[in-house]
Amino acid sequence: MTELSNESALVLRAGNGDREAFAELLEEHLPAVRAFLLRLGVAQDDLDDLTQEVFLTVIGGLKQFRGGSRFSTWLLGIALNTSRSWFRRRSPELGLPEDSAAPSDPPERRLLRREREERLDRALLELPCRLREAFVLRHVEQLPAAEVANILRVPEGTVRRWTFQARKQLRSRLAPKESTHE
Amino acid sequence: MNDQSDESRRLRRAVLRLRAKEPVPERPSLRAELLLAYAREFRPQSSLARARRAALVLAAAALVIAACLLGARDWHPADPVAPRGAADLARLELRIDLLQARLLVPPRPPTAAFQPAQPAQPEPAEEWSSQVRLLALADRDPALFRLVSARTFETIDRQAAAGRYRQLLNDYAGGPAADVARDRLAFLNQ
């Protein structure tokens, strides 16, 4: 509760032109927004530009933000809209990740890990947009269903249906080839 | 059953992998750029900028008001005066002729009340056109001049014309022009 009121006060101050307050908001939320965009399937190369776009929208809307929802909910909603535009502009193929394995790993292990990550990303990117968003918000970001519903502006029941469908589709997409490496 | 638990395990691992995904380090200038954008958005306005903005708002409001007034002047689709203008003008000219006759009559002597009324003098200048006569008369009589002016205004703005007639009644309550003004005002108020 205190954390929430602290955040509200910070947002209010930022909306009134307090640069320090905005810097604090950046400090707290910018890494989370970048990670969220990456998990949604945005390419590493475009993360900074998209994050910038998200926060420019935030800057433009701070004066109008009335605190009807949590700041983080509002922020994730903006990030989602920005990622949708990105997905419309770019081919999903370009969203595949770079090798995230540690350079010290043996080459065959690195290759295996890379293949798994690629399959996972591909499976995620092949999901319909709404299912992917609901899945990432609910299961990866671990937000409560009510908040996901608030961000996606759909009823909670719809969120549950979408996440169920997303899990089902992901399971079937990950199953055949994963089993060869397990 | 085993297949199902395998699938669930795979999905859980996938979720954990997704959570563990780390973005590459951010561009060093990213936060500075955003802070700059923020500062630009929330820059306090100088008094000059505020005054300029206020002047712009006032100018825009004045333009809108002027446009509305001009529009109201130029467009009278349901104005009842316009179709009856010719008949009205004829009536007014007749009244003005009568006025002219009354104005040209020399003042009666005090005993005139006990004498039979003098016949009105014939119109002195039959050759004058009614317009010229009217203007000449109006030129000599400020009340008549204002009467003609108010009548002309009727075709442009009835409210303004009524205001002029009221003003005329106020300034020349007892004169002959006031009679005409009272009639016109009654007509306009119908």
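A:Ala32 counts as partly exposed, because its relative accessibility is 42%; partly exposed lies between buried, under 20% relative accessible area, and exposed, over 50% (1.4 Å probe, protein chains only). This residue sits in helix H2 of chain A, residues 19–40. Helices here are DSSP runs of H or I with at least four residues, strands are runs of E with at least two, and both are numbered from the N terminus. A:Ala32 and A:Thr51 stand 19 residues apart in sequence, with their C-alpha atoms 10.0 Å apart in space.

The model is predicted: local features need pLDDT of at least 70, side-chain atom pairs count only at pLDDT 80 or more, and totals for chains, interfaces and linings use all residues. Residues are numbered from 1 along each chain as its sequence is written, chains are lettered from A and ligands numbered from 1 in the order in which they are written, and side-chain values use heavy atoms, leaving out hydrogens and water.

Now turn to chain B. It has eight helices and zero strands. Along the sequence the pattern reads α-α-α-α-α-α-α-α. Chain B has 190 residues, and 26% of them count as buried. Contact means heavy atoms within 4.5 Å. Of the contacts in chain B between residues at least 6 apart in sequence, 56% join residues at least 24 apart. The accessible surface of chain B is about 13,200 Å², and carbon and sulfur atoms hold 61% of that. Such areas come from the Shrake-Rupley method with a 1.4 Å probe; for residues, only the protein chains shown count as cover.

Where do chain B and chain A meet? The contact takes 26 residues from chain B and 46 residues from chain A. About 3,400 Å² is buried between them, with 64% from carbon and sulfur atoms. Buried area is the accessible area (1.4 Å probe) that two parts lose on being put together, summed over both. In chain B, B:Leu18, B:Leu34 and B:Tyr38 lose the most area to chain A, together 20% of what that side buries.

Charges also pair up across the two chains. Chain B and chain A share four salt bridges, each a side-chain nitrogen of Lys or Arg within 4 Å of a carboxyl oxygen of Asp or Glu. One of them joins B:Glu41 to A:Lys63, with the closest N and O atoms 3.9 Å apart. Helix H1 (2–20) and helix H2 (30–41) of chain B each supply at least two residues of the side that touches chain A. H1(B) gives the largest share, 10 residues.
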